[in-house]
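Morning, everyone. I'd like to walk you through the inside of one protein chain. Have a look at it first.

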Amino acid sequence: MKTRLVLLPLCALALAAGAPPPAKDAGVSITVKVTDLRNAKGLLRACMTTVQSDFPDCKKTASIHATSVTAREGGVTFTFDGVKPGRYAIALLHDENSNGKADRVLGMMPKEGFGFSRDAPVRMGPPKFSDAAFDMGTSDRELTIRMRYML
């Protein structure tokens, strides 16, 4: 059995980040405050999905909300607009070298930072959707996600 440690290929996150944002009047907003970024190198890539089987890769569904912002030491804030009510999970990648993928040591241990909604626990692989999922209603919402680094 192959063990996937932490971040699987979040490279799809990079592709999804280029998708146009939904229209503002199509839903509400989720403002995400990201803390504990270790430096200002590269980009912070974020994706949010309602599809369990698509988390944390966010590459198989059209219902993804994705964005990327310039990293800033300490933290950044960004907003997902046009969010419909539902159960969502967010995955973050601090793509320090802006190469559009999650770099790893020996193909397993992530060299770059990661984070998940609800500060979902990371064990011998990425968290389950249910550990990171939160319910989004009809009002704007704010979340805080802490970045984590293994190296």
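**Inside the chain**

Start with Ile90. Setting aside neighbours within four places in sequence, Ile90 is in contact with Val32, Cys47, Met48, Phe55, Phe80, Gly115, Phe116, Ser117, Phe134, Leu143 and Ile145. Keep in mind that this is a predicted model.

Now the wider setting. Nonpolar side chains in soluble globular proteins tend to be buried together. Here, the largest nonpolar core holds 21 residues. Ile90 is among those with the most contacts inside it, along with Val34, Leu44, Phe78 and Leu92. Which strands supply at least two residues each? They are β1 (28–37), β2 (43–49), β4 (74–83), β5 (86–95), β9 (134–136) and β10 (141–146). The top contributor is β1, with five residues.

Next, the aromatics. How many aromatic pairs are there? The count is five. Take Phe55 and Phe129. Their ring centres sit 6.1 Å apart and their planes meet at 80 degrees. Over 60 degrees counts as edge-to-face, so that is what this pair is. The two residues come from distant parts of the chain, 74 residues apart. Phe55 is in the loop between β2 and β3 (65–70), while Phe129 is in helix α2 (residues 129–132).

Buried or exposed, for Phe55? Buried: its relative accessibility is 8%, and the cut-off for buried is under 20%. Phe129 is buried as well, with a relative accessible area of 8%.

A further pair is Phe114 with Phe116. This one is tilted, at 6.0 Å centre to centre and 45 degrees between the planes. Phe114 is buried at 2% relative accessibility. Phe116 is buried at 0%.

Last, the cysteines. The model has one disulfide. It joins Cys47 to Cys58, with an S to S distance of 2.1 Å. Where do the two partners sit? Cys47 is in strand β2, and Cys58 is in the loop between β2 and β3, eleven residues apart. The torsion about the S-S bond of Cys47 and Cys58 is about 70 degrees, so the disulfide is right-handed. Both cysteines are buried.

Two links back to where we began. Cys47 is one of the contacts of Ile90.

Note on methods: Residues numbered from 1 in each chain as written. Heavy atoms only, no water. Core = buried A, V, L, I, M, F, W, Y, C linked by side-chain atoms within 4.5 Å. Buried < 20%, exposed > 50% of the residue type's maximum accessible area, 1.4 Å probe, protein only. Helix = DSSP H or I, 4+ residues; strand = E, 2+ residues; numbered from the N terminus. Contact = heavy atoms within 4.5 Å. Phe/Tyr/Trp six-rings, centres within 6.5 Å; stacked < 30°, edge-to-face > 60°. Disulfide = S-S within 2.5 Å.
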